[in-house]
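Here are a few friendly exercises to work through with the model open beside you. Try each task before reading its solution.

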Amino acid sequence: RPDKTDPQAIQKYRQKNPEKGKSWLRMKKTIIFDLGGVLVEDGVYPMQLNLSEKFNLDYGEVKKFSIAGFRQMFVGKMSEREFWKKFDYKFGLNNGTAALSKELHDYYKINNNTKNLIMRLKKNGYKVGFLSNSTKEIAGYLEKKYGFIDMFDFGVFSHKVRTRKPH
């Protein structure tokens, strides 16, 4: 069999083995989606901008601090509550972790075009999965609000496997 990531090798294989090539390709009916920025609008970047403006903070500092914290949260090394406590302390906000967490969650919205595409793919016999760099809290919030996990046949959250997917 050819390398599944090499289109030229697949084409050559199909030309030399027309029957095997068709059945081999027919068996590969799985599509994997990223959640953030694909099924769900990512809330991290708008949150960084809004908090910078709202509390008159340096955007570069907010972004730098957030990226470092989210990398830890994505692999389950820090809870969202711990992150917001550190954020609150670093920037002297005294705003409370629940308010900051809610503000972040409110930025996450489902993309109905992607949702409809996933439903059409499933209807046409495709297995559909997801990979997501996500915190436990954001994943729970999104599932409670949108019930998206049942749309997929399988999925992997970074905080559960304690590793991030590369960008």
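**Exercise 1. Describe how helix 6 packs against helix 8.**

Step 1: helix 6 (residues 97-106) and helix 8 (residues 136-146) pack at an angle of about 55 degrees, and their axes lie 11 Å apart. Axes are lines fitted to C-alpha atoms over the stretch in contact, with angles from 0 to 180 degrees between N-to-C directions.

Step 2: helix 6 is therefore oblique to helix 8 (under 35 degrees is roughly parallel, over 145 roughly antiparallel, 65 to 115 roughly perpendicular, and the rest oblique).

Step 3: on the helix 6 side, Leu104, His105 and Asp106 meet Glu137, Ile138 and Tyr141 of helix 8, where contact means heavy atoms within 4.5 Å.

Before going on, note that this is a predicted model, where local features need pLDDT of at least 70, side-chain atom pairs count only at pLDDT 80 or more, and totals for chains, interfaces and linings use all residues. Residues are numbered from 1 along each chain as its sequence is written, and side-chain values use heavy atoms, leaving out hydrogens and water.

**Exercise 2. Is Gln48 buried or exposed?**

Step 1: find Gln48 in helix 3 (residues 44-54).

Step 2: its relative accessible area is 0%, so Gln48 is buried (under 20%; exposed is over 50%, partly exposed in between, with a 1.4 Å probe and protein chains only).

Step 3: leaving aside residues up to four places away in sequence, Gln48 touches Tyr59, Val62, Lys63, Ser66 and Ile67.

**Exercise 3. Which residue stands opposite Thr30 in strand 4?**

Step 1: strand 1 (residues 30-34) pairs with strand 4 (residues 127-132) in the parallel sense over five bridges; pairing takes at least two DSSP bridges.

Step 2: the residue opposite Thr30 is Lys127.

Definitions and conventions
Helices (H or I, at least four residues) and strands (E, at least two) are DSSP runs, numbered from the N terminus.
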